[in-house]
Amino acid sequence: MSSELTEKIELNISDIMRMLPHRYPFLLVDKLIDVVPGKSAVGIKNVTMNEPFFTGHFPENPVMPGVLQIEAMAQTSGVVILSTFPKEELATKNVLFMTIDNVKFRKPVLPGDVLQMHVEHLQTMRNVHKFKGEAFVGDKKVSEAVFSAMIFDK
(Lines give C-alpha, C1' and ligand atoms only; values in the text may rest on other atoms or scores of the structure.)
Protein backbone atom coordinates (compact mmCIF):
# COMPACT_ATOMS: atom_id res chain seq x y z
CA MET A 1 0.00 0.00 0.00
CA SER A 2 1.09 3.55 -0.61
CA SER A 3 1.84 5.99 2.16
CA GLU A 4 -1.10 7.18 4.21
CA LEU A 5 -3.05 10.16 2.97
CA THR A 6 -5.15 12.39 5.16
CA GLU A 7 -6.59 14.70 2.51
CA LYS A 8 -10.24 13.92 1.73
CA ILE A 9 -11.03 13.10 -1.88
CA GLU A 10 -14.15 12.34 -3.91
CA LEU A 11 -14.51 9.37 -6.25
CA ASN A 12 -17.04 9.18 -9.10
CA ILE A 13 -18.64 6.10 -10.64
CA SER A 14 -15.78 5.66 -13.14
CA ASP A 15 -13.25 5.64 -10.28
CA ILE A 16 -15.36 3.10 -8.37
CA MET A 17 -15.70 0.83 -11.40
CA ARG A 18 -11.91 0.84 -11.82
CA MET A 19 -11.59 -0.52 -8.28
CA LEU A 20 -14.56 -2.85 -7.83
CA PRO A 21 -15.54 -5.77 -10.08
CA HIS A 22 -19.26 -5.19 -9.42
CA ARG A 23 -21.53 -4.04 -12.24
CA TYR A 24 -25.24 -3.43 -12.72
CA PRO A 25 -27.40 -4.61 -11.09
CA PHE A 26 -25.05 -5.34 -8.20
CA LEU A 27 -22.93 -2.18 -8.08
CA LEU A 28 -24.57 -0.41 -5.13
CA VAL A 29 -22.43 2.72 -4.78
CA ASP A 30 -22.82 5.74 -7.10
CA LYS A 31 -20.03 7.89 -5.66
CA LEU A 32 -17.85 8.34 -2.61
CA ILE A 33 -17.32 11.61 -0.78
CA ASP A 34 -15.06 12.53 2.12
CA VAL A 35 -12.72 9.64 1.28
CA VAL A 36 -9.63 9.32 3.43
CA PRO A 37 -7.87 6.41 1.68
CA GLY A 38 -7.40 3.47 4.02
CA LYS A 39 -9.41 5.15 6.78
CA SER A 40 -12.99 6.23 5.99
CA ALA A 41 -15.52 7.44 3.45
CA VAL A 42 -19.14 8.23 2.81
CA GLY A 43 -20.66 6.23 -0.03
CA ILE A 44 -23.76 7.51 -1.83
CA LYS A 45 -26.46 5.28 -3.34
CA ASN A 46 -29.39 6.95 -5.07
CA VAL A 47 -32.24 4.50 -4.55
CA THR A 48 -34.68 4.56 -7.47
CA MET A 49 -37.87 2.67 -8.28
CA ASN A 50 -35.96 1.18 -11.24
CA GLU A 51 -33.87 -1.04 -8.94
CA PRO A 52 -34.42 -4.67 -9.99
CA PHE A 53 -34.92 -5.87 -6.39
CA PHE A 54 -38.10 -3.78 -6.02
CA THR A 55 -39.99 -6.06 -8.43
CA GLY A 56 -39.95 -8.76 -5.75
CA HIS A 57 -39.25 -6.85 -2.52
CA PHE A 58 -42.11 -5.89 -2.36
CA PRO A 59 -44.20 -4.88 -5.41
CA GLU A 60 -46.98 -3.28 -3.33
CA ASN A 61 -44.64 -1.71 -0.77
CA PRO A 62 -41.08 -1.40 -2.19
CA VAL A 63 -38.33 -1.61 0.46
CA MET A 64 -34.59 -1.93 -0.19
CA PRO A 65 -33.45 -5.26 1.28
CA GLY A 66 -31.33 -4.83 4.39
CA VAL A 67 -28.72 -7.25 3.09
CA LEU A 68 -28.17 -4.91 0.10
CA GLN A 69 -27.68 -1.98 2.47
CA ILE A 70 -24.89 -3.97 4.14
CA GLU A 71 -23.46 -4.88 0.72
CA ALA A 72 -23.44 -1.17 -0.21
CA MET A 73 -21.47 -0.45 2.98
CA ALA A 74 -19.06 -3.27 2.14
CA GLN A 75 -18.53 -1.97 -1.39
CA THR A 76 -17.81 1.48 0.04
CA SER A 77 -15.27 -0.11 2.40
CA GLY A 78 -13.66 -2.01 -0.44
CA VAL A 79 -13.02 1.24 -2.26
CA VAL A 80 -11.58 2.79 0.92
CA ILE A 81 -8.94 0.04 1.05
CA LEU A 82 -8.35 -0.26 -2.70
CA SER A 83 -7.86 3.51 -2.95
CA THR A 84 -4.57 3.04 -1.09
CA PHE A 85 -3.08 0.98 -3.93
CA PRO A 86 -1.36 2.54 -6.95
CA LYS A 87 -3.67 2.65 -9.99
CA GLU A 88 -1.48 0.21 -11.92
CA GLU A 89 -1.99 -2.43 -9.17
CA LEU A 90 -5.79 -2.20 -9.06
CA ALA A 91 -6.27 -4.66 -11.93
CA THR A 92 -4.50 -7.32 -9.83
CA LYS A 93 -6.54 -6.88 -6.60
CA ASN A 94 -9.94 -8.06 -5.45
CA VAL A 95 -11.99 -7.92 -2.25
CA LEU A 96 -14.10 -10.64 -0.62
CA PHE A 97 -16.58 -10.25 2.23
CA MET A 98 -15.62 -12.38 5.26
CA THR A 99 -17.75 -11.56 8.31
CA ILE A 100 -20.77 -9.51 9.29
CA ASP A 101 -21.50 -8.78 12.97
CA ASN A 102 -23.73 -6.56 15.10
CA VAL A 103 -26.19 -5.90 12.27
CA LYS A 104 -29.18 -3.71 13.03
CA PHE A 105 -31.89 -2.54 10.66
CA ARG A 106 -33.69 0.49 12.02
CA LYS A 107 -35.87 2.04 9.30
CA PRO A 108 -36.92 1.05 5.77
CA VAL A 109 -35.10 2.47 2.75
CA LEU A 110 -37.55 3.45 0.00
CA PRO A 111 -37.44 4.51 -3.65
CA GLY A 112 -36.36 8.15 -3.84
CA ASP A 113 -34.11 7.90 -0.78
CA VAL A 114 -30.43 8.81 -0.88
CA LEU A 115 -28.59 6.19 1.13
CA GLN A 116 -25.37 7.45 2.73
CA MET A 117 -22.99 4.75 3.92
CA HIS A 118 -20.52 6.05 6.52
CA VAL A 119 -17.67 3.54 6.89
CA GLU A 120 -14.67 3.62 9.17
CA HIS A 121 -11.66 1.30 9.09
CA LEU A 122 -11.15 -0.28 12.52
CA GLN A 123 -8.17 -2.61 12.10
CA THR A 124 -6.01 -4.64 9.75
CA MET A 125 -4.64 -8.12 10.32
CA ARG A 126 -2.44 -9.10 7.36
CA ASN A 127 -4.76 -8.77 4.35
CA VAL A 128 -8.03 -8.70 6.36
CA HIS A 129 -9.66 -5.36 7.09
CA LYS A 130 -12.37 -4.73 9.66
CA PHE A 131 -14.87 -1.86 9.30
CA LYS A 132 -17.75 -0.26 11.10
CA GLY A 133 -20.55 0.94 8.84
CA GLU A 134 -23.63 3.06 9.43
CA ALA A 135 -26.17 3.87 6.73
CA PHE A 136 -28.33 6.98 6.85
CA VAL A 137 -31.21 8.50 4.94
CA GLY A 138 -30.99 12.18 5.76
CA ASP A 139 -30.12 12.32 9.45
CA LYS A 140 -31.88 9.03 10.32
CA LYS A 141 -29.75 5.93 10.82
CA VAL A 142 -31.34 3.09 8.84
CA SER A 143 -28.82 0.27 9.37
CA GLU A 144 -25.44 -0.53 10.86
CA ALA A 145 -22.93 -3.38 11.00
CA VAL A 146 -19.34 -4.35 11.73
CA PHE A 147 -17.81 -6.41 8.93
CA SER A 148 -14.53 -7.60 7.51
CA ALA A 149 -13.15 -8.26 4.06
CA MET A 150 -10.00 -9.75 2.60
CA ILE A 151 -7.86 -8.18 -0.12
CA PHE A 152 -6.26 -10.74 -2.41
CA ASP A 153 -4.45 -11.00 -5.72
CA LYS A 154 -6.67 -12.09 -8.61
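Student: How much space lies in the largest pocket?

Tutor: Keep in mind that this is a predicted model. The pocket is an open one, lined by twelve residues. The space in the largest pocket comes to about 190 Å³.

Student: Which element gives the largest share of the lining of the largest pocket?

Tutor: Two elements each supply at least two residues here: strand S1 (9–11) and helix H1 (13–19). The largest share is three residues, and the element that gives it is H1.

Student: Let's step back to the fold. In what order do the elements of the chain run from the N terminus on?

Tutor: The chain has two helices and seven strands. Reading from the N terminus on, the order is β-α-β-β-α-β-β-β-β.

Student: How does the radius of gyration of the chain sit against the globule rule?

Tutor: For 154 residues the globule rule gives 15 Å. The chain's own radius of gyration is close to that, so the chain is as compact as a globular protein of that length. Along its principal axes, the C-alpha trace spans about 50 × 30 × 25 Å. The radius of gyration itself is 15 Å.

Student: Now helix H2. Why does its end-to-end span agree with what its residues should give?

Tutor: H2 covers residues 66–82, which makes 17 residues. The expected span takes 1.5 Å times one less than the number of residues. That gives 24 Å, and the end C-alpha atoms of H2 agree because they are also apart by 24 Å.

Student: Is H2 mostly covered or mostly uncovered?

Tutor: A residue counts as buried when its relative accessible area is under 20%. In H2, 16 of the 17 residues are buried. So by that cut-off, H2 is mostly covered.

Student: How many cavities of 30 Å³ or more does a search of the whole structure find, and how much space lies in the largest cavity?

Tutor: The search of the whole structure turns up one cavity of 30 Å³ or more. The space in the largest cavity is about 40 Å³.

Student: Which element gives the most to the lining of that largest cavity?

Tutor: The lining is Ala-74, Ser-77, Gly-78, Ile-81, Val-95, His-129, Phe-131, Ala-149 and Ile-151. Two or more of these come from each of H2, strand S6 (128–137) and strand S7 (140–153). By class there are six nonpolar, three polar and no charged residues. With four residues, the element that gives the most is H2.

Student: Where is the cis peptide bond with omega near 5°?

Tutor: Its proline, Pro-25, sits in the loop between H1 and strand S2 (31–36). The bond is cis and runs from Tyr-24 to Pro-25.

Student: And which peptide bond is cis with omega near -5°?

Tutor: Look in the loop between strand S3 (40–46) and H2, where Phe-58 has its place. The cis bond runs from His-57 to Phe-58.

Student: Does Asp-34 count as buried, partly exposed or exposed?

Tutor: Asp-34 lies in strand S2, and its phi is positive, about 50°, although it is not a glycine. Its relative accessibility is 39%, so Asp-34 counts as partly exposed.

Student: What about Asn-102: buried, partly exposed or exposed?

Tutor: Asn-102 is in strand S4 (residues 93–105). Its phi is near 50°, a positive value in a residue other than glycine. At 58% relative accessibility, Asn-102 counts as exposed.

Student: Last one: how far apart in space are His-118 and Gly-133, C-alpha to C-alpha?

Tutor: His-118 is in strand S5 (residues 114–125) and is partly exposed, with a relative accessible area of 30%. Leaving out residues up to four places away in sequence, His-118 touches Ala-41, Val-42, Lys-132, Gly-133, Glu-134 and Phe-136. His-118 and Gly-133 are 15 residues apart in sequence, and in space their C-alpha distance is 5.6 Å.

Terms used. Residues are numbered from 1 along each chain as its sequence is written. This is a predicted model: local features need pLDDT of at least 70, side-chain atom pairs count only at pLDDT 80 or more; totals for chains, interfaces and linings use all residues. Side-chain values use heavy atoms; hydrogens and water are left out. On a 1 Å grid over the protein atoms alone, a cavity is a set of points where a 1.4 Å probe fits but cannot get out, and a pocket is an open set with protein on both sides within 12 Å along at least five of seven lines; lining residues have an atom within 4 Å of a point. Grid points are joined across faces, edges and corners, and a volume is the space filled by probe spheres set on the points. Buried means under 20% relative accessible area, exposed over 50%, partly exposed in between (1.4 Å probe, protein chains only). The radius of gyration is taken over C-alpha atoms; the globule rule is 2.2 Å times the number of residues to the power 0.38. Ala, Val, Leu, Ile, Met, Phe, Trp, Tyr, Cys and Pro count as nonpolar, Asp, Glu, Lys and Arg as charged, and the others, Gly among them, as polar. Contact means heavy atoms within 4.5 Å.
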